[in-house]
Structure formats: structure tokens, C-alpha cells
Amino acid sequence: MRTKEFTKAEVGVFGEKACLRFMKRSKLKILAKNYKIGHLETDIIGYNKTHLVFTEVKTRRIDLKNTSRPASAVDKSKRENLIKFTFSYLKSLPQKFQSKQIRIDVCEIFVYQEKNKLKVSELNYIEGAITR
């Protein structure tokens, strides 16, 4: 039997699903996934009693060539775009969310392949990773 090769997009979707499961276990309710405003987007928007949370998910395969942390892919330009997205999103918020604190998080995930399945090796959820 041949081993399946997962595309970069499939790895990314797998990582977002793993992050969603983590966020739900952490008592965050999910408002939206892959939400776009013009050319800006964020992977997951969630909330709890005190915060409205915008989460950027970065997933990488474990291999010998990949030595950097997934979160390091959130460079200055990406951080600025996430902040712009957040402010644009806040303009259209329902009243019930306007009293919540805003937080931009990064979820970095390392995955590996076992037979024809992807598995999470490490999930690091960084609260407040991006600030103004």
C-alpha cells in the first residue's frame, strides 16, 4: 500500500481543525473560521466570557529540514495585517461583544505522518502573541 502525500493545504486544514478542538476544550466558543474582509483574513475567531479572540494558525510538518518554529512565520507584515483585520472586524461587531477585551493569539502546530494519517506532535497556543 502506498503512503499518501499530504499537500501543504491539507496540512494547514488539519492544523486548523486541531486548533479548533483545542480552543473548544479551552472554553472558547467559535464565531467564524477563515473569515475575510477584503484582502485581510484570520483563521479562527472565538470568544469567552472576557475576550474576543483572533487566532492565526501555523502548522508545520516535522522533518529534519524544518528547524524554525511555526509562529516565526507570523512576520511583521502578517502581524500588521492581523491588527488591521481586527480593527475592521470590530466595526461590524454586535453590541454583546463590544465590552470584551481583544486578544490576538497564535497557535503553532507540528504534525507528523503515520501511515496515511496526520497526527499532532506538538500544539503550542500563544495567548496575546500579537500586540500593537
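Buried means under 20% relative accessible area, exposed over 50%, and partly exposed in between, with a 1.4 Å probe and protein chains only. By that rule Asn34 is partly exposed, because its relative accessibility is 39%. The model is predicted: local features need pLDDT of at least 70, side-chain atom pairs count only at pLDDT 80 or more, and totals for chains, interfaces and linings use all residues. Residues are numbered from 1 along each chain as its sequence is written, and side-chain values use heavy atoms, with hydrogens and water left out.

**Positive phi**

Most residues other than glycine have a negative phi. Asn34 has a positive phi, near 50 degrees. Asn34 sits in strand E1. Helices (H or I, at least four residues) and strands (E, at least two) are DSSP runs, numbered from the N terminus. Lys115 is not a glycine either, and its phi is positive at about 55 degrees. Lys115 belongs to the loop between E4 and E5.

The table gives relative accessible area and class.

| Residue | Relative accessible area | Class |
|---|---|---|
| Asn34 | 39% | partly exposed |
| Val57 | 8% | buried |
| Thr86 | 5% | buried |
| Lys115 | 71% | exposed |
| Gly128 | 33% | partly exposed |

**Helix H2**

Leu82, Ile83, Phe85, Thr86 and Tyr89 are buried in H2. Seen down the helix axis, the buried residues of H2 fall within an arc of 160 degrees, so they line one face. That arc is taken from the directions from the helix axis to the C-beta atoms.

What do the buried residues of H2 pack against? Their partners are strands E1 (29–37), E2 (40–47), E3, E4 (101–114) and E5 (117–130). Contact here means heavy atoms within 4.5 Å. Thr86 touches Phe54, Ile102 and Ile104, not counting residues up to four places away in sequence.

Val57 lies in strand E3. Leaving out residues up to four places away in sequence, Val57 touches Gly15, Glu16, Cys19, Asp43, Ile44, Cys107 and Ile109. Val57 and Gly12 are 45 residues apart in sequence, yet 8.1 Å apart in space, C-alpha to C-alpha.

Gly128 is part of strand E5. With residues up to four places away in sequence not counted, Gly128 touches Arg103, Ile104 and Asp105. Gly128 and Phe54 are 74 residues apart in sequence and 9.5 Å apart in space, C-alpha to C-alpha.

**The largest pocket**

The largest pocket holds about 340 Å³ of space. Of its 14 lining residues, Lys8, Gly12, Lys58, Thr59 and Arg60 are the closest to its centre. On a 1 Å grid over the protein atoms alone, a pocket is an open set of points where a 1.4 Å probe fits, with protein on both sides within 12 Å along at least five of seven lines; lining residues have an atom within 4 Å of a point. Volume is the space filled by probe spheres set on the points, which are joined across faces, edges and corners.

Helix H1 (8–25) and strand E3 (51–61) each supply at least two lining residues. E3 gives the largest share, six residues. By class, the lining has eight charged, three polar and three nonpolar residues. Ala, Val, Leu, Ile, Met, Phe, Trp, Tyr, Cys and Pro count as nonpolar, Asp, Glu, Lys and Arg as charged, and the others, Gly among them, as polar.
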